[in-house]
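Subject: Structure handover

Hello,

Please find the structure below. My notes on its salt bridges follow.

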Amino acid sequence: MVDSQGWVKLHRSILEWEWYSDINTKVLFLHLLLKSNHKDKKFQGMTVKRGQVVTGLSILSLETSLSVQRLRTSLNKLKSTNEITIETSSKGTVITIVNYDFYQITDDDQQAQQQTINKPSTSDQQTNNKRSTTNKNVKKDKKEINKENSLSNSVEETSTSPPKKTIDDRKSEFKSWIDPFREKYSREMLNDFWRYWTEIGEKDKKMRFEKEKTFGTGQRLSTWKRNESKFNKDGKINKRGNASRTEPSKAITDYGKL
């Protein structure tokens, strides 16, 4: 669950930003500003720095209602103008907002600037400022505890309840989960894997993979590879739950291959 308290700063100069008229790119960038850390935090053995967010394409798609393909296009635009950098780790995709400090000056820096312009006239005023700063820090700490508890949701492979998208959109998203394994497994095996797990019955609302409580793509592919030798010759699904290469699902024949 995302911490909805607090706020971010947004200068009117963003109206002159080159991507402001690009709706998808603007929505994505503002979303990243809202999701990124305002100070360094530890997450599953790694340090997520100020201005960074740990996420993934499927998660961003759910949060922004943008398709995976549109997200990739907008991410490439933001990378091309050095708005963000992207790194992949075992915990997920780490996106860094390059000029985060420019967009989000810290409260401490802002207070120092204000004190330089308007020095308090009495010691009582200084005491009040210190109390105000202390109260802000206490509130920030409470917010960060809640945010740290919610970071476990920022992993690429999560439980797959179907979003409010078309079947084709969800199939395309599932293909994006398989893309990183193209060099490890044969194209034929990946096609069979995709056909089997995206199969959907006439009266079903969910595809086969969406009915699973959890779905780790890498682990499922590894198991599929080990069981390849156990495929039945007559084209039926074997006892291990894997589909035969000789019998692709009729429901996705027109969709195309990976």
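**Salt bridges and burial**

D192 is buried, at 5% relative accessibility (buried means under 20% relative accessible area, exposed over 50%, partly exposed in between; 1.4 Å probe, protein chains only). R195 counts as buried too, at 15%. These two side chains form a salt bridge, with the closest N and O atoms 3.2 Å apart (a side-chain nitrogen of Lys or Arg within 4 Å of a carboxyl oxygen of Asp or Glu). Both residues sit in helix α8, residues 187–197 (helices are DSSP runs of H or I, at least four residues, numbered from the N terminus). They are three residues apart, about one turn of the helix.

A word on the source. This is a predicted model: local features need pLDDT of at least 70, side-chain atom pairs count only at pLDDT 80 or more, and totals for chains, interfaces and linings use all residues. Residues are numbered from 1 along each chain as its sequence is written, and side-chain values use heavy atoms, leaving out hydrogens and water.

The salt-bridge count is ten. Among them is D179 with R182, at 3.0 Å from N to O. D179 is partly exposed at 25% relative accessibility. R182 is partly exposed as well, with a relative accessible area of 39%. R72 joins D179 and R182 in a network of salt bridges.

D204 and K211 make another salt bridge, at 2.8 Å from N to O. D204 is partly exposed, at 35% relative accessible area. K211 is also partly exposed, at 49%.

Best regards

Conventions. Helix = DSSP H or I, 4+ residues; strand = E, 2+ residues; numbered from the N terminus.
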